[in-house]
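Subject: A structure for you to look at

Hello! Here is the structure I promised to pass on. Please open it next to this email and follow along as you read.

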Amino acid sequence: MKNMRCQLQHYLNPLHVYCRLQQAGLAEPLARRLCEVYERSVYRHILA
């Protein structure tokens, strides 16, 4: 179970999401803004 939690933390990490958005072709400012919103509204609640 610990390994699964670590993998989820990695894949749901805002920096990881940002990199995947960049790879998908999103402009850097838009990807950064989306990740800021994602971190504040989703990511912190997932880990809580």
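A word on confidence first: pLDDT is the predictor's confidence in each residue, on a scale from 0 to 100. The chain has a mean pLDDT of 89, with 94% of its residues at 70 or more. This is a predicted model, in which local features need pLDDT of at least 70 and side-chain atom pairs count only at pLDDT 80 or more, while totals for chains, interfaces and linings use all residues. Residues are numbered from 1 along each chain as its sequence is written, and side-chain values use heavy atoms, with hydrogens and water left out.

Now to the helices. Helices (H or I, at least four residues) are DSSP runs numbered from the N terminus. Confidence is highest in helix α2 (residues 14-23), at a mean of 95, and lowest in helix α1 (residues 2-12), at 85.

How do α1 and α2 pack? Two packed helices are described by the angle between their axes and the distance between the axes. The axes are lines fitted to C-alpha atoms over the stretch in contact, and angles run from 0 to 180 degrees between N-to-C directions. For α1 and α2 the angle is about 50° and the axes are 5 Å apart. The two helices are therefore oblique to each other (angles under 35 degrees count as roughly parallel, over 145 as roughly antiparallel, 65 to 115 as roughly perpendicular and the rest as oblique). On the α1 side the contact is made by His10, Tyr11 and Leu12, and on the α2 side by Pro14, His16 and Val17; contact means heavy atoms within 4.5 Å.

Take a look at His16, which sits in helix α2. His16 is buried, at 14% relative accessible area (buried means under 20%, exposed over 50%, partly exposed in between, with a 1.4 Å probe and protein chains only). Leaving out residues up to four places away in sequence, His16 touches His10 and Tyr11.

Is Ala24 buried or exposed? Ala24 lies in the loop between α2 and α3 (28-47), and with a relative accessible area of 61% this residue is exposed. Its C-alpha atom is 25 Å from that of Arg5, 19 residues away along the chain.

Finally, the aromatic rings. Rings of Phe, Tyr and Trp (its six-membered ring) pair if their centres lie within 6.5 Å; planes under 30 degrees apart count as stacked, over 60 as edge-to-face and the rest as tilted. By this rule there is one aromatic pair. The ring centres of Tyr38 and Tyr43 are 6.2 Å apart and their planes are at 40°, so the pair is tilted. Tyr38 counts as buried at 18% relative accessibility, and Tyr43 counts as buried at 14%.

Enjoy exploring!
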